Amino acid sequence: MGDLKQYGLVRAQERLRDQVGHALRAALIAGELRPGQVYSAPGLASDLGVSATPVREAMLDLAREGLVEPVRNKGFRITEVSERDLDQFTELRTLIEVPTIGRVTRKADREQLEALRPVAEEIVSRAREHDLIGYLEADRRFHLALLALCGNERLVETVGELRKRSRLYGLTGLDEAGKLVSSAEEHLELLDLMLAGDARGAEACMRRHLGHVRSLWADARDAPPGRARTAGAGGK
């Protein structure tokens, strides 16, 4: 296991539990913490330079999100997602999000959609800055905010849970290959289609985007463990 200290230094103004959780998420995304492997709280605490208590607390938070699972008397196992799981998550998201985007395009006003442009632009800038944590967080905010315009809170919660279950691992190699930037730019394309009132085009763009996300996930699983860049370590 690599030096996890690179994923976020402890700052006094932040709760230690939250900071440790951020560092562990960064390590997950970078591939330093591998699916299927068990990690002990004391071992992770040693790598992070903190006590074991905030690590246990942060791991319990991650367990509630489905990212890890407790292993009695050993620690926490990084949960694995099979290819079948990924296909099913993508199918569910497509069934929900594609028609919803069409509905939102037809009913949302221009001001509501334009308000999301800064977030779409942030996704692109985070990808260009190699800030993987920031990229995924901005991506989450954009997609869920768009869906929220349909007025169905349960739908948004369901998609949020599906996103957690189909998170990305090992994105560093894809980032270095420049593949994340093209995916990020699809958010601006989608927003422009919606602003133009092209519901059918927006639905097609969303369907294509989800397919690309699925491909990125598969590629990320095969990528070797990397080292996350510091731009992603000290962010939000």
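## Nonpolar cores

A nonpolar core is a set of buried Ala, Val, Leu, Ile, Met, Phe, Trp, Tyr and Cys residues joined through side-chain atoms within 4.5 Å. In this predicted model, the largest such core has 35 residues. The residues with the most contacts inside this core are Ile 101, Leu 113, Phe 142, Leu 146, Leu 147, Leu 190 and Met 194. At least two core residues come from each of helix 1 (16-30), helix 4 (83-107), helix 6 (117-128), helix 7 (132-148), helix 8 (153-165), helix 10 (179-195) and helix 11 (199-222). Helix 7 gives the most, with 8 residues.

Leaving aside residues up to four places away in sequence, Ile 101 touches Leu 146, Leu 147, Leu 190, Met 194, Ala 202, Glu 203 and Met 206. Another core, of 21 residues, lies apart from the largest one; Leu 28, Met 59, Leu 62 and Val 68 are among its members. In soluble globular proteins, nonpolar side chains tend to be buried together.

An open sheet is formed by 3 strands in the order 1-3-2, with antiparallel pairing. Strand 1 (38-39) and strand 2 (68-71) are the edge strands, each pairing on one side only.

Strand 1 pairs with strand 3 (residues 75-78) over 2 bridges. In this pairing, Val 38 has Arg 77 as its bridge partner, and Tyr 39 stands opposite Phe 76. Strand 2 pairs with strand 3 over 4 bridges, also in the antiparallel sense. Strand 2 and strand 3 form a hairpin with 3 residues between them, and Asn 73 in the turn has a positive phi of about 60 degrees.

Helix 3 (residues 52-64) lies across strand 2 and strand 3 and runs at about 120 degrees to strand 2.

## Helix 2 and its ends

Helix 2 spans residues 41-48. Its N-terminal end is capped by Ser 40, from which a side-chain oxygen lies 3.0 Å from the backbone nitrogen of Gly 43. Just after helix 2, Gly 49 takes a positive phi of about 80 degrees.

Within helix 2, the residues Ala 41, Leu 44, Ala 45, Asp 47 and Leu 48 are buried. These residues are on the same side of helix 2 because they cover an arc of only 160 degrees around the axis.

Conventions:
Residues are numbered from 1 along each chain as its sequence is written. This is a predicted model: local features need pLDDT of at least 70, side-chain atom pairs count only at pLDDT 80 or more; totals for chains, interfaces and linings use all residues. Side-chain values use heavy atoms; hydrogens and water are left out. Two strands pair if DSSP finds at least two bridges between them. Contact means heavy atoms within 4.5 Å. Axes are lines fitted to C-alpha atoms, for helices over the stretch in contact, and angles run from 0 to 180 degrees between N-to-C directions. Buried means under 20% relative accessible area, exposed over 50%, partly exposed in between (1.4 Å probe, protein chains only). The arc is that of the directions from the helix axis to the C-beta atoms. A polar contact is a pair of N or O atoms within 3.5 Å; within protein, one must be able to donate a hydrogen and the other to accept it, and residues adjacent in sequence count only if both atoms are side-chain atoms.
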